[in-house]
Amino acid sequence: MALNKKMHPRNPYKKPPSFKELALKNEEFRQQAKIDISGKVTIDFKNADALRALTRALLKEDWGLDVVLHPEYLVPTLPLRINYILWLEDLVAALNLNESGNPVYGIDIGTGASCIYPLLAAKKNGWHMVGVEKNEVCFNYAQQNVARNNLESLVKVRRNFGETIIDASTIKDSFQPDPNMFQFTMCNPPFFGSEEEVEKTNKSRSAHTPRPPPNNARTGSTNEVVVEGGEVAFVCKMIDESFQVKDRIKIFSTMLGHKTSVSKVLKYLKDQNICEISSTEFCQGQVTRWGLAWSHVVCLTCETLSNDIVGTKQKPKPPLRHVFPRNADKTFDSVVQKLLQKMDQLDVQYKCVIKDVKSVGYQGTAFSNTWSNQRRKRREQLKKDGLTPEGSGSEGTGATSPGERDDGPPPKKAKQSEAAPLVTLGFVLREEQTKEDTTDLVLDMCWLNGPGGRESVHQIMQYMKNNL
């Protein structure tokens with residue numbers, strides 16, 4: 001079952017690329033493409049050369065990157081890599097790690113021959129990246145790929161000669177001036193503990209239920225997919241070493257290839273008294289991977305990022321959704337502005353946690369109910385002031401004018417309570433393309449925590465629908 005619907009909402013590969021268009025534009029890919037009896041253009045995903053041609057073509061067409069992929073080393077799949085980078089974008093934005101628009105600095109541990117993460121991060125976001133690599137061949141290829149794309153000012157490749165995974169001396173003086181702090185590390189560690197373990201993934205857990213073979217050809221050298229102790233041992237070593245460089249790096253993150261590894265790593269983090277942890281799922285195609293982040297200096301308790309997906313039995317409820325009728329007066333920017341104005345009028349405090357060309361997301365906090373019974377509250381205030389509601393026949397008649405259907409703001413902002421918030425919610429406005437190739441403006445709201453519960457979010461959504 002394809003997982004594209006669960007892919008990160010800003011991932012461009014949520015809609016699969018057109019192989020036909022790609023074949024017309026790219027000669028290398030065209031040589032690997034085939035046309036089936038229905039006229040559909042496809043490739044043999046069990047052929048490593050075809051996967052390599054696909055990745056190179058997508059990098060060229062979508063990102064303007066010319067990347068040479070060594071035939072003996074890993075072929076990176078782009079939807080997964082973009083999912084990881086988008087998660088880091090969310091972390092950086094939500095936690096204000098790029099204060100005052102200062103440059104973002106990141107470290108890719110085990111960057112590989114393609115140097116794929118630093119190249120994408122630099123090209124997409126203008127981030128300053130250091131790619132660290134132990135293998136000499138991969139190191140040389142990574143350097144060549146950076147130079148081939150003229151990204152030497154943003155991407156530095158450093159050779160790690162020691163056994164330490166995170167070595168401060170390796171990244172020292174990578175940029176001038178040397179940054180005081182790197183915002184994050186990222187890592188795609190070897191998933192397996194031995195070559196035998198790699199082979200077992202193709203075999204059945206039960207003789208009665210044979211597992212189908214992998215859909216894609218397996219690529220990657222032994223040192224890229226195998227490490228002593230497997231990914232759990234590798235990441236636990238990273239956790240230990242993170243204490244030594246916590247004054248240089250704000251957030252440490254890694255990908256995990258096995259769901260069983262996640263609970264083990266989480267337990268190890270808690271055993272080391274590391275409480276600031278964030279988790280996510282990377283869904284793409286028919287493959288799921290997991291992301292974990294931890295910090296010694298940054299609070300990672302932002303509810304929009306701490307998904308706590310792993311190990312939960314209860315599925316989260318879907319967000320409340322409203323589609324705005326599209327017209328000339330309702331542009332994306334104008335609706336965002338009006339939405340925030342209404343939040344201000346309701347005394348809902350908010351901070352931006354996601355920002356993109358086609359979407360913007362906020363985490364909001366309300367300390368009291370300022371949105372219920374707006375018409376009654378307004379009439380009571382007018383009566384107290386000795387005034388009659390505009391358009392009513394006489395004072396106190398209770399007549400409702402057409403203008404009163406607009407549930408306006410409360411007469412006075414509610415004072416912020418020193419107690420816990422009544423409700424914390426997330427709200428995202430985005431452009432969404434329909435099947436008819438038109439674009440809708442969609443507002444999603446979800447309850448995050450607080451005694452006000454989901455009902456209070458429903459009331460806020462209804463207020464916005466009435467007023468926007």
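What is the handedness of the crossing of α4 and α5? Here are some friendly notes on this predicted model, taken point by point.

1. The crossing of α4 and α5 is right-handed. Helix α4 covers residues 78-94 and helix α5 covers residues 116-125; they pack at an angle of about 60°, and their axes are 11 Å apart. The two helices are therefore oblique to each other.

2. On the α4 side, the contact is made by L78, R81, I82, Y84, I85, L86 and E89, while α5 brings I116, Y117, L120, A121, K124 and N125.

3. Turning to the strands, T185 sits in β6, which spans residues 182-187. T185 has a relative accessible area of 0%, so it counts as buried, the cut-off being under 20%. Setting aside neighbours within four places in sequence, T185 is in contact with I107, I109, I249, I251, F252 and S253.

4. One of those partners, I251, belongs to strand β7, residues 249-256. I251 is buried too, with a relative accessible area of 1%. Again leaving aside neighbours within four places in sequence, I251 is in contact with L95, L97, Q183, F184, T185, A293, W294, S295 and L300.

5. A last pair to look at in the viewer is I251 and I277. They are 26 residues apart in sequence, and their C-alpha atoms are 9.5 Å apart in space.

Technical notes. Residues are numbered from 1 along each chain as its sequence is written. This is a predicted model: local features need pLDDT of at least 70, side-chain atom pairs count only at pLDDT 80 or more; totals for chains, interfaces and linings use all residues. Side-chain values use heavy atoms; hydrogens and water are left out. Axes are lines fitted to C-alpha atoms, for helices over the stretch in contact, and angles run from 0 to 180 degrees between N-to-C directions. Helices (H or I, at least four residues) and strands (E, at least two) are DSSP runs, numbered from the N terminus. Angles under 35 degrees count as roughly parallel, over 145 as roughly antiparallel, 65 to 115 as roughly perpendicular and the rest as oblique. A crossing is left-handed if the near helix is turned anticlockwise from the far one by less than a right angle, and right-handed if clockwise. Contact means heavy atoms within 4.5 Å. Buried means under 20% relative accessible area, exposed over 50%, partly exposed in between (1.4 Å probe, protein chains only).
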